[in-house]
Amino acid sequence: MSDAPTGSHISGLPQKEEKVDPASVLSMTFEEAKKVSPKSLEIPLFYKVAADEITVLKSDAAGQPLRVRARGKVYMQVDFREQLRTLGQEAYIESGGELIVRGKPLLQRGRTVVEGLSDYTVFYIKGLRLQVIGSHRKTTQDATGTPVVMPEWKRSWKEGPNPLLPALSPEDVPREIRSSPLLPPVEGASDIPQMLPPETMPPPPRKSGSAPTDAVDAPEDKPAANGSP
């Protein structure tokens with residue numbers, strides 16, 4: 001994991017006073033993103049993340065990260081056969097193949113961009129499938145290659161994660177979505193990832209005493225104590 005000197009200016013990812021260009025951020029490679037982010041981490045086999053804060057929640061015996069939480073100007077590159085890039089304010093990554101992103105997230109595959117319209121919108125990505133919880137829309141890049149996104153996304157990116165929300169966790173994805181296989185794409189359809197129909201903005205998530213049956217145990221959702229970052 002890389003660290004920027006305390007108080008240093010992160011010139012590549014937008015600062016509070018800077019104009020945000022979604023196209024330039026989404027088009028960045030991981031190598032570019034990690035040079036301009038305070039933290040960066042590779043999570044075998046597929047995930048690469050750069051963000052303001054990255055916490056390893058669980059590592060294997062060899063020290064490889066298995067479960068990671070990232071916060072603040074999160075850039076994710078997912079190197080499946082069809083590469084995905086996604087931006088958001090928070091991400092929760094399982095090395096086995098799950099990615100959860102929250103905070104007006106953006107996801108790009110080819111020229112298609114899926115835009116979350118709320119701080120509460122959650123993207124659940126498994127393989128090339130995308131399930132969206134909350135209000136969102138699908139757009140394409142314009143002739144200049146710029147994703148046409150709402151002004152609220154730009155403000156959210158600059159302001160940081162919503163402080164009223166609890167830490168992102170598997171509990172923010174409904175049990176039926178995490179426990180059931182995701183539907184395959186419609187036969188002959190070319191728009192992947194798949195999306196649920198747009199919904200109205202859901203109420204703020206509430207933590208319950210019992211986690212979903214396939215969710216990770218809560219005691220493990222703490223920074224690793226074995227010397228991992």
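**Reading the backbone**

Analyst: Lysine 73 is buried, as its relative accessible area is 11%, below the 20% cut-off. This is a predicted model, and lysine 73 belongs to strand β4, residues 65–78.

User: What is phi of lysine 73 near?

Analyst: The general idea comes before the case. Most residues other than glycine have a negative phi, and most peptide bonds are trans. Lysine 73 has a positive phi, near 45 degrees, though it is not glycine.

User: Which loop holds lysine 104, and is lysine 104 buried or exposed?

Analyst: Lysine 104 sits in the loop between β6 (98–102) and β7 (106–109). With a relative accessibility of 11%, lysine 104 is buried. Its phi is near 45 degrees, again positive in a residue other than glycine.

User: Which peptide bond is cis?

Analyst: The bond from proline 44 to leucine 45 is cis, and its omega is near 10 degrees. Leucine 45 lies in the loop between β1 (39–43) and β2 (47–51).

User: How many helices and strands does the protein chain have, and what share of its residues count as buried?

Analyst: The protein chain has 4 helices and 11 strands. Buried residues make up 48% of its 229 residues.

User: What share of the contacts join residues at least 24 apart?

Analyst: Taking contacts between residues at least 6 apart in sequence, 58% join residues at least 24 apart.

Note on methods: Residues numbered from 1 in each chain as written. Predicted model: local features only at pLDDT ≥ 70, side-chain atom pairs only at ≥ 80, totals over all residues. Heavy atoms only, no water. Helix = DSSP H or I, 4+ residues; strand = E, 2+ residues; numbered from the N terminus. Buried < 20%, exposed > 50% of the residue type's maximum accessible area, 1.4 Å probe, protein only. Contact = heavy atoms within 4.5 Å.
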